[in-house]
Amino acid sequence: MNRTARVKRSRRLDPLSLAGLGCLLLLVLVALGSLVHAGGDPDAIVGPRLRPPGPGWWLGTDNLGRSMLPRVMEGVGTTLLLSSAAVLVTAALSAGFGILAGYRGGYLNELIMRVVELLYSFPAIVLAILVAAVAGPGQLAAVASIVLVTIPLMTRLVRAAAVAVAERDYVTAAAISGAGLPRILGRHVLPNVAGTIAVQGTYALSVGISVEGGLSFLGFGVQPPQASLGVLIRQGGTYMMAAPWLIIGPGVVLVLAILSINVLGDGLRDRFEPRETRSLI
Amino acid sequence: MRYRLAGSVAAVVLATSACGGGMEAAPPGAAATGSAAAPGYLAVADGKLPAGGALNVAVHIDSGAATGLDPQLADVATSWQLMSLVYETLVTVGPDFSPQPRLAESWDNPDPTTYVFHLRKGVAFSNGREMTADDVVGSLKRLLAAKSVWRGQLGPVEKVAKVDAATVKVTLAKPYTPFLAALANVPAAILPMKEIEAKTLDPAKEMLGTGPFKVQAHRQDVSWNFARNEHYWDKGKPAADSLTVTIAPEEAARVAAVQNGSSALAALGNVDSAAMLAGAANVKVATQATTDFYYLMLNSKNPKFADPRVRQALNMALDRKQMAEVALGGQGKPTGVTPAGLPGACDPATLPSATAGGAAKAKELLAQAGIANLSFTLSIYSTEPAPAVAQVIQQNLQQAGVTVKIEQMDEASWAGKVYGKVPATFDAALSWFAGYADPGMVTTWWNPDVAGFNAGFMQADKDLNTLIAAATETPAGAERDKALAAVCAKVDTDAQMIPLVTRPATIAYRADGVSPSLYATEGYGNLLRLVADARVKKG
């Protein structure tokens, strides 16, 4: 295989990542479908309580006699929207602070890292409750909480990657040839830490989903009757032995979502950092 | 009074073989499992078991110290429940809601406005000092002078006087039928007035009563430790040597505590607990019917609900049967303001809102009131099953074209939002009242001038107040039933606080850990009412 072909191939996503992307797109489609009530009204009481899957309620009914199918569809939408919005914010902030701290070092590095460590020292759910108490319960509080919970780890890892990149010859060469800070960071450092951000983003997404579930459970996140995967799984956990369909539907979808995000994240990392060997996370 | 109890939220629960065909609700007022108990009881403690041992129970909230420990100022059922372990009242209620002797051995009612109480001999506080008629007179006078919510329930007490060392006479200005039932609740407990007056005891900080237990230790939001009161007058009680009340806000934690035996008894909130725990080894679940009921508060000081037609329209659109069946798993009952289940209570099916014509008529009435696209926020706390009731309300009102946004929070934040500001700023809220033992008692809370706590969101209605007074003055009988029915109908059309469905209480206990006594129906939200009888099983 000649060099051109190899480069070309490395710029494509491998089949596994493509499958992940496809699955994710499918989930997005399902979420869009719930907006037009494709599976039915997620809040409507349609049948007896706690019935196993059957005609009229293909994923069973919950403790209020609502069909689980439209609720899972709505849950996918809520969770993906909240978590991805939060992770995008986290990724943007972490990339900015992490690269700056890693490249500039010195006092700026100390300041950013100490603040991040301060955030890191709080248990996730305590931090989330604090945010919800200040911002008031609701989706905004959920997004802000996920950002605060996921930002410390991602910033530290981006900084670590940026420290390594900062010492590379081409960065030094760029600096010597008079490139400004924004150009060095944006053109030379960022692309080389993008893999870390992509992989951490997938991790943050799964953390985000669990924080969202915890917050909604405490009444600080998604408000009833809106469904999210976190809410549905929490509720389903209560009825796990008696009405397992309540947790199987959202559970399977959650596994699918996280798996496809992870696989896709892995593929993205290969795409950005083709020379490194493939890892599972 | 505002009453909330029992469980919260998610629970990782266990065993049962009900996976195949869905779950059937346990009938209210019946033990899901276990042997037949005496009439009026879900369970009766086995007196043949040896006394002694340490009893552990788990509840969902520690409301005690938040508002202080003075029983006269306690205004929520969870506080009354805890304080009832230490404090006792002159009378108590039996399984049929009839007044029963407690610190008063007997009483005479020579005329409708005079009650003469003959005090029990040999009653002592847990510090060993004997209870006197002065303690009784002093306690009642202190309550009448206190800024206590319960003051409103005592009725038109004119005079409290000591007749002799063992007799106390209470004179009312007018007849007041629920008087004994009002005396049966913890805020009317007999306090050690000698110590309080000598200022050697601050009842807001320390509990000292004649009850079966005395406090040993308290860690806020963690646990209460009680030891038996060696001076307790009812010899042989309490059966247990010590009692630990663990505070576990998460329902899952309470379920787990009963499953692993670390708690012998726990209060649960999930209405499906009985079905879900049906297969768990050595765990019994009993569903206690209560006279407590959920009610919807529509803030009439908020312009949205100032027009009575709007409130009436919402009331018409509510489907109480669906709330009882769906949100409460068939364990609740639709109710008017007189709690369903109490003798003399009105029939909710005959109320104006129930016969008006449902959502379609509600829409018409809203249109008449010039309201289109009504939308409001319903504030609730996350303790189950309140969120389930709220979601059924939301579905019901949607049928009438009304949009409800549910705002869920923890109980403390909820209380701050609903009772914290005068005038209140919320749109609508959901809570429950204890129904007590007399159908006229809870109606008193519909008079904001007497209740006080709801003056921030409720306008007094003179006609309704007159009807309430008439119902509480009339002696029990057909005449009173009529008066109560009139209150029911008026509350229904007033629709500022709308009664919905009765609240079931669920208790799980270890069959190999405790033999408890439990009433089949409870009126004051007190799951631990008979805990002094409970026998601990050892080994």
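Me: In this predicted model, what is the order of the strands in the open sheet of chain B?

Reply: Strands of a sheet pair through backbone hydrogen bonds, either parallel or antiparallel. Here the open sheet has 5 strands in the order 16-15-17-14-18, and the pairing is mixed. Strand 16 (403-409) and strand 18 (497-502) of chain B stand at the edges with a single partner strand each, so one side of each is left without a neighbour in the sheet. From one strand to the next, the twist averages 30°.

Me: How many bridges join strand 14 to strand 17 of chain B?

Reply: Strand 14 (residues 293-298) and strand 17 (residues 428-433) of chain B run antiparallel and are joined by 6 bridges, and Phe433(B) in strand 17 is the bridge partner of Phe293(B).

Me: Which residues does the disulfide join, and why is it called left-handed?

Reply: A disulfide is a covalent bond between the sulfur atoms of two cysteines. In this structure Cys346(B) is joined to Cys488(B), with S to S at 2.0 Å, and the torsion about their S-S bond is about -75°, so the disulfide is left-handed. The pair links distant parts of the chain, 142 residues apart, with Cys346(B) in the loop between helix 9 (320-327) and helix 10 (352-355) of chain B and Cys488(B) in helix 16 (residues 478-494) of chain B.

Me: Is Cys488(B) buried or exposed?

Reply: Cys488(B) is buried, with a relative accessible area of 2%, and Cys346(B) is buried too, with a relative accessible area of 11%.

Me: How do helix 3 and helix 9 of chain A cross?

Reply: Two packed helices are described by the angle between their axes and the distance between the axes. The axes of helix 3 (residues 68-104) and helix 9 (residues 229-238) of chain A come within 7 Å and cross at roughly 130°, which makes helix 3 of chain A oblique to helix 9 of chain A.

Conventions. Residues numbered from 1 in each chain as written. Chains lettered and ligands numbered in written order. Predicted model: local features only at pLDDT ≥ 70, side-chain atom pairs only at ≥ 80, totals over all residues. Heavy atoms only, no water. Axes fitted to C-alpha atoms, helices over the stretch in contact; angles between N-to-C directions. Helix = DSSP H or I, 4+ residues; strand = E, 2+ residues; numbered from the N terminus. Parallel < 35°, antiparallel > 145°, perpendicular 65-115°, else oblique. Pairing = 2+ DSSP bridges. Disulfide = S-S within 2.5 Å. Buried < 20%, exposed > 50% of the residue type's maximum accessible area, 1.4 Å probe, protein only.
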